[in-house]
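Subject: Structure handover

Hello,

Please find the structure below. My notes on it follow.

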Amino acid sequence: MTLLRTTGLAVFLLAAATAASLRAQEPRLNSALDTATVTERLLPGPAIGSMPADSAGELQYLLPGITMEEGGVSVRGSEPGAAARRINGFDVSTGSRRPGVVVPIQLVRELRIRSGPEDATGGATGSARADTRLSGDAPGTARARFATDRFSGDRSLGINRLEGTLTRRLRKGSAFLAGAVTGHSSIDLGMGARDFPGFQTVGIDTTVRFFDPDAGAIRAVAMPALAVARGDCGILDGLASPRLADNYGADCTGDRTPGTGGTSLQFAAGTEFPMGQSSRVSLLTLRSRESQRLPRAQDALLPSNTFAQEHRSRLYGVRFESPFGRGKGSGTLTVALSRQSNETNVGPLTPDDERDSRDPALGIRFSGLDFRWDFESFPVDAALAEAFRTNDLTVSTSPYDVLNPDQYSLVNEYRDGPYAVHSAPESGGPLGVLSNSRETRTAAEVSGTWLASRNARLIVGGDYTWYGLTHYQHNLISNAGADVYVASPDRMALYAEERFGYDRVRVDLGFRYDRFSSGAVRPFVLDTLATIPGSGGLPNPAYGTYAFFPRWVSYSDADGMATINGQPMPLVASRQDPSHAAWSPRASIRMVARPGTVVRGAASRIAVMPDLHAVFTGANSDMAGTFAGATWGGDLGFIRGWSLELGARQTLGAHGWLDGVIFSRTLSNAPLPVLQQLPDPIRLGAPTAIRVWEHALGRSARGIEGAFGWHRGTVDLSLGLTLQRVRHNFTSEGPFASEAINPAPWERPRLLSALLAYDSRGDDPGPREAGARVGVGLRWGSGRPYTRCASGHMDDELARSGEPCLHVDSSDDVLALRLPAFLQLDVRASTDLSAGPGGVTLFAEARNLLNRRNTVAVYAVTGETSNETARLRVTTEDLDSYASEAQANSVLQPGGDIDLRFAGAGTSACESWTASNGDAAAPNCVALVRAEQRWGNGDGLFARAEQQAAADARFNERFQTGFFDAPRRVRVGLEVNF
């Protein structure tokens, strides 16, 4: 840390001294004012158009030091999702780290990642920054494109993509319009998905009629026809039952998992036009929607319990730019205003929409999903949040009656799955966690750039953002684990930066002032104990003071007051979090050491606004029954730290360059859930373990990075290699005192990226010039670390890498193991059959061209993609279940076989079958017969080995998918120009 601070101080002193000397130099206009002084990685438009990618996010992974992890993009080891995003100058970063807006990739003309220290204009919404520039094609052009994977055979996921772009010249200025929609009929379960069958209901197999003594009547139960949908269709060969062998007339679809389709839709429109002689106004609107039906095994027989999720984002922005002055003192004034929203819904679909969204044409739904409960059908406002906080039973805080929850219970009465076990409910519900979140942002920014002299430029500006947060999470039948909040935080910033450029030197000196106010209100409870319990009468020093504890209504009496030293005081006082501010100096220097060689150094203080969801979680919840055992939000301020780098760039002739950099990014107070011992007022102040978000984590990312680029005529080539170390340093005090230094869960010590773009038309192709293009992208990275779970505990035996362990043998096992390295090669090739208006282009894309089996998860106990201990435990439960019911019906043989022959009577002899508890259960008998026909030889004797085959197949379907990334996926397409 001392070396780090010394290096940063040296950069500041050197930059300041150089700036002072530059002021005394003869004024001289220098293009150095427009060059970067820190590391920026750039993907230009021609290369973007050649690459196999559906979004700008996919392209980022081809740049040095960048990986895609759960939660978002990680830049040089930064926390996934922490990078700020700007689109045409508008900051589209979400305050609650939710999914953001997605833009049509055909509009992306430039993608720039600033991975080094930020300048003063950089915002407080991320520790790195991705800038995307959108624009249309040449005015007067239009394009349409269609791609599909339907020719991929069993590997097809039913992917179809439509793109369209229109650019027009206006009387003043120009406008563009673009859209893209991708539909898929199935989620991607990765390589090996076809190794294990998945089933779907395709009708009724048979209707079972039997007398139910409890009901005193004959019951008729329809048994579902369960067809193999995903998997190796060869398992149907040789089945004794003709209907099973024919798969009930349904298709076996290879890699596809029925009922798990989704749609991604993006739309963008913009215009730019002059005002007066030199001013201009630009407008931009963006909309995107990501919809996905969620695969849940428990919904197999109960479509009404089908859950889905949908993310919707919008942006409306206007930007005004106007120059002023002439010569020295001239500059540009920029004013920008935007309105943005991001909304996420997770919950059950309406019955009609569940049917309509099962398998739409081309897998595409142009309309959004229709949820049973969203912000329209179940409004969430301040009144609902207040009723939730005060536990007001006169106001329903759930779409259900939580005082009478039994009426919604799921009913799993029979063994009606393909394995003849109680696997999925037949009625009730829908049940599950309903989660609706919305974030709105109104952002205003004003900045001015002055040419103070021929070799100095001054930038001064500020921005203000108003947030609106609405969050609702509920398991529908109980307040336990629920969370509701409606909040209006805000953020503002002021910044100034002066850039000096003279001859071979450029220096930037600047600072930012950021302020953030959450406005969150938390409960502080009164200590009413005059003496310490059990101390023999010792005075309590905390008597009459308030301390945080999450009890709003469960610590109160009739009037909610207590008398302390003769003064009435409320038992619970609400206190608002204070605002937080941060000053952040920034400095950088760039020098031309000799012709073709440039060295640079930069240092900046980091000030990043915290995740707003971590601030407000549980703010309206009570320990008594709404949020016990969860992590509570906390009073979080700016995440502070330093970002430093030293680099050099060497030009290689007229076409190439080589860049190297040493970087360091440290954070001393990143948020982390910390277990605290807080005095519980209703337990006489006894300490209670409460997990609260606090600034308790130190994080460092240090490494070296090299990049090589080459452009000549028809070829663009870039290579990047990053070697990095990302560490977490956690220290806590008190009863749970601990200290640990571990790799970050997303750390990949070695990263390699490569990009090759070939365009036979060269640098400046004419509009009617035909040609061929090839884009190649390669990504390789070390495997992520994970913790080895202790064996012998069922939850841990089934846990996968990256999931929390309930038991760990030793602290040495925490994040001590790593997954195998990841490697993927993607290719896109296209050729123009003709050019100009009416021109046609054919193209093909291959993702994971090498068909590499990339391991993305393992069992955390074994470190392998198999765990025989877990398999044995799970399958033994199924085998015991078979035996128990067979014994109750006197068909269990001494060796464990189950005799279902019934003297040749078949399923007609099932009328008297009972469940293990004695209830009438003829459908269970039919299910066992079908299981023997499917997993056995069909002779009616459900042998022990056949039972094991059924139990193994069920284990495989439940637990043996998702260990590997996608196999080779191929698409072909057609593009038409107008």
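**Surroundings of Trp 913**

Leaving aside neighbours within four places in sequence, Trp 913 is in contact (heavy atoms within 4.5 Å) with Glu 885, Asn 889, Val 891, Leu 900, Phe 902, Asp 919, Ala 920, Ala 921, Ala 922, Asn 924, Cys 925 and Leu 928. The model is predicted, so to speak of local features pLDDT must be at least 70, and side-chain atom pairs count only at pLDDT 80 or more, while totals for chains, interfaces and linings use all residues. Residues are numbered from 1 along each chain as its sequence is written, and side-chain values use heavy atoms, with hydrogens and water left out.

**Cores**

A nonpolar core here is a set of buried Ala, Val, Leu, Ile, Met, Phe, Trp, Tyr and Cys residues joined through side-chain atoms within 4.5 Å. Buried means under 20% relative accessible area, with exposed over 50% and partly exposed in between (1.4 Å probe, protein chains only). The largest such core has 45 residues, and Tyr 882, Leu 900, Trp 913 and Phe 942 have the most contacts inside it. At least two residues each come from strands E11 (198-212) and E12 (217-230) and from helices H9 (868-888), H10 (922-935) and H11 (944-959). Helices (H or I, at least four residues) and strands (E, at least two) are DSSP runs numbered from the N terminus. H10 gives the most to this core, 8 residues. Another core, of 36 residues, lies apart from it and includes Leu 43, Ala 53, Ala 130 and Leu 134.

**Helix H9**

H9 has 21 residues and spans 30 Å from first C-alpha to last, close to the 30 Å expected at 1.5 Å a residue; the expected span is 1.5 Å times one less than the number of residues. Its buried residues include Val 874, Leu 879 and Tyr 882. Among the elements covering the buried residues of H9 are H10, H11 and helix H8 (794-798). After H9 comes Ser 890, with a positive phi near 60°.

**Strands**

E11 and E12 run antiparallel, joined by 12 bridges; strands count as paired if DSSP finds at least two bridges between them. Phe 199 has Val 228 in E12 as its bridge partner. The E11-E12 hairpin has 4 residues between the strands, and Gly 216 takes a positive phi near 70° there.

Elsewhere, an open sheet of 5 strands has the order E1-E6-E7-E4-E5 and mixed pairing. Its edge strands are E1 (40-44) and E5 (90-91), each pairing on one side only. E4 (residues 84-87) pairs with E7 (residues 129-134) in the parallel sense over 4 bridges, and Arg 86 stands opposite Asp 131 in E7.

Regards
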